[in-house]
Structures are given as C-alpha cells and as structure tokens.
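Hi,

Here is the structure I promised to pass on. Have a look at it first, and then read my notes below.

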Amino acid sequence: MTQNLNKRRIDQKTLLLHKTLKTKEKKVVENAIYLTILQWFNYLIPLLILPYLVRTIGTKMFGLVMFAQAVATIFTLITDFGFSISGTRALSLLKKNKTKKGELFFGVMSIKFALIILLLFFLFALTSTSDKFSQNKLIYYYSFGATIGMTIFPTWFFHGIQNMKVITIINAVSRTLFAGLVFIFITRPEDFLLVPLFNSASYIITGLFGFFYAFKFLKTKAPSIRFIFNLVKESFKLFLSNLSTSLYSSFNILIIGLLTNDTLTGVYASFEKIILALKNIYTPIYQAVFPWLSTQTDKKRIIKKMSRIVFLLGLFGAVALITFSEEILILMFNDEIILSYKILFQAIAPILFLAGLSMLYNYLYLSATKKYELRLKILGYTGLIGILLSTILTFYFDIYGVVFSVVFCEIILLICGLKVFLNKTDE
C-alpha cells in the first residue's frame, strides 16, 4: 500500500512538472508571436511608407533623413548599454519577486536616463562644431526624439517577465499613427523634417506608456549606488559587443553620407531597409526564446533544431530576393536611380541567409550560455574590421565598397559563430 501511495505521488509530481513545462513552452510561443508582430510593425511600417517617401521627398532628401536616423540609431545602441541581454536575463531569474524587479528596473532606467542627457550634450556639440551637422540642425534634434522614446520604452523588462501582449498592441497603434501622419501631411520635398518629427512622437508616446505600465509588475525600490555600479560593470562587455557589431551596420549609412552624397545614401538606405525588415524576422523569435533558453540544460540540442529551420528560411528568402530583384525594386520605388543599382541589391541579398544563422549562434547561443567575453571578441573584432573596411572601400569605390564590406562581415560572423558552437562542449 505504501508503494502504491508513493507511486501516485510520483505520478502527480510528473504530471505537474509536465503541465509546468507545457505552460512555459506555450508562454514562449505566445511571446514569440507578439514579439514578431511588434518587430514587424517596427520594420514593416517604415517599409510600407519608404516608397512613398522616396517618391514624395526624393532620393536625396530621403538620404538625409536616413543619415539623421542612423545617428539616432547609434545613440539608441549606446543607451541600450547591453541591458537588452543582461537585464532580460536577470529578470528571468527573479521569478515573482516584485521588490527585486523594481530595484533592477529603476537601476537600469537610471543609467539609461543619464546616458540620454550625456548624448544630448554631445549632439549639441556636434551640431555646433561640424559643418555637416550644422547645416540641418533640426533634423538631428527631431531624430533624437526617437532615441528618447526607444530608451524609455523598457523592452528588456517585458522580455524578461515574458509579457508582451499589451505593449505590442500599443506599439502597433503608435506605428500605424506614424504612417497615417506621413501619408496625410508629407506631400512635397519641403516636408522632409516632418518625417523624423512624426517618427519621434510615435516612439515617445509608446515609450511613456511602456515605462509606466511596467509599474504594474514591480514594487518601487530605489537602487543603491553600488547596485547601479554593478549593473554597469556586468553589462559593459555586452555593451561593447553590441555597439561594435551594430555600430558597423549603422555606421555604413554615416560613412556613405560623409564620404559620398545624400543621393547615394538614399539608394543604400532603401536597400538596407528592405533587407533589415526581412532579416529581423529572426529577432523577435530569438528574443522570445532567450529567457526560456537561459534556464535550459541542453541548449545545444535546441539550437541545432532551430538552425535547420533558420537555414531553409534564410536560403529561400535570399534566392527569392536575387531572382525577383528588378520586380521588387520597380514595385517598391519605381525610381530610375535606385533601379540602376539593381546589382548591388542582389549582392546584399545573401545577408538574409547569413545573418539569421549568425544571430542564432553569436547572439542567442552565446548570450544564453553567458559567454559574454567570447561574444565580445567575435562581435567586437568583426565590428571594428567592418568599420575600417567600410571606410576604406567607400572612399575608393563609394556605395560598392560598403556593400562588399557588409556582406564580408556577415560571412566572418557566421564562420566564427558556427566554429564556436561546434567546438565548445561546455555550457
């Protein structure tokens, strides 16, 4: 009788564990769906209005708008400070402790607010001393609003607690509003300043809502100076790796803008927006899986399964872009200048295949296994090589040089990530 009783208890525990795992898996899938919707609104909405902007304000002014946006993107990478990974991971381990969540939340946001202030002073100095930036001061200040909005929006927090439903809805409404404002009010080249203004307004509205909505899941607790210092110390390597890698991709538009002209900047930005919108289909999936994967013991097995799907998806997408490149460019822009660079669009298309796998190994796997230092080396060195190579090649071969540099760096990232994944057995 005692044996039967023990057996029942074991069966009940097994059933409970099975239900718990099912619930967690369901939560991962649910968050992946919401994150995909969120990510696609962030990239699909700009992709939808991109052809309209090119035709309305012209390739040259579109290039200027994208140049200013690239500056704002780099500022946003700085204010992220690696918390999109370290903050998310820390929250996933805190369980239901609202007090500790509050301490972490206000600690991270304090650092982010301080960085916003420092960057604002830097922007003021830049627009006051540089001829390139002083000619159109307003466009850089209007674009900086997007940095503020994305910084105060605690995406890392909602990833960590795996709750993205309401935030996704609000963000979708905000980006739709931005698109509507563009189509209604931007009707001539002189309206180009309204693009960054509307874009920033939509991000700030979303950011404020997300910031205050986060209070529902935490208890207010002021972090100590030592706690904040530890957060900076822990995230610094992640910050360097994120910045160095993402910097070279965002830096490419800056390089073209500084070394060539606004028209070529507009051409490259048009191609990049299409690739980014498609490439970032992986991002929400990886972001949703990351908190769950961090708690799993057999991470390599999970990554191997995911790699097969990512491989096929990326290969299909890259081949489709190359095959139908002319039709895509005509449908999107119907612009003679952009269409004349069709071969460059075909050359940059393989990034869709390369980046998906590279992000799987270098971002998801290395971050989930907390190999931050190794991740820093791979992403950091490749990013620095990319910046240097892009600058030199753009100087001599303008837009052709930067495209070669971008594809080359993606290949290097994939080779390094795959090598580490295959050779490293410890987790």
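First, a term you'll need: a salt bridge is a side-chain nitrogen of Lys or Arg within 4 Å of a carboxyl oxygen of Asp or Glu. This is a predicted model, where local features need pLDDT of at least 70 and side-chain atom pairs count only at pLDDT 80 or more, while totals for chains, interfaces and linings use all residues. Residues are numbered from 1 along each chain as its sequence is written, and side-chain values use heavy atoms, leaving out hydrogens and water.

On confidence: pLDDT is the predictor's confidence in each residue, from 0 to 100. The protein averages 83, and 87% of the residues score at least 70. Where pLDDT is low, the predicted coordinates should not be read in detail.

Now the salt bridges. Searching the whole structure turns up six. Below, helices are DSSP runs (H or I, at least four residues), numbered from the N terminus. Buried means under 20% relative accessible area, exposed over 50%, and partly exposed in between (1.4 Å probe, protein chains only).

Glu326 is partly exposed at 36%, and Lys342 is partly exposed at 27%.

Another joins Glu103 and Lys221, at 3.9 Å between the closest N and O atoms. Glu103 belongs to helix H3 (residues 98-129) and Lys221 to the loop between helix H8 (194-213) and helix H9 (225-259), so parts 118 residues apart in sequence are tied together. Here Glu103 is buried, at 14%, whereas Lys221 is partly exposed, at 36%.

Then there is Asp262 with Lys132, 3.7 Å from N to O. Asp262 is in helix H10 (residues 262-279) and Lys132 in helix H4 (residues 131-134), 130 residues apart.

Finally, how do helix H11 (residues 282-293) and helix H12 (residues 299-323) pack? Their axes are 13 Å apart, at an angle of about 175°; axes are lines fitted to C-alpha atoms over the stretch in contact, and angles run from 0 to 180 degrees between N-to-C directions. H11 and H12 are therefore roughly antiparallel (angles over 145 degrees). Residues meeting there include Trp292 in H11 and Met306 in H12.

Cheers

Terms used. Helices (H or I, at least four residues) and strands (E, at least two) are DSSP runs, numbered from the N terminus. Angles under 35 degrees count as roughly parallel, over 145 as roughly antiparallel, 65 to 115 as roughly perpendicular and the rest as oblique. Contact means heavy atoms within 4.5 Å.
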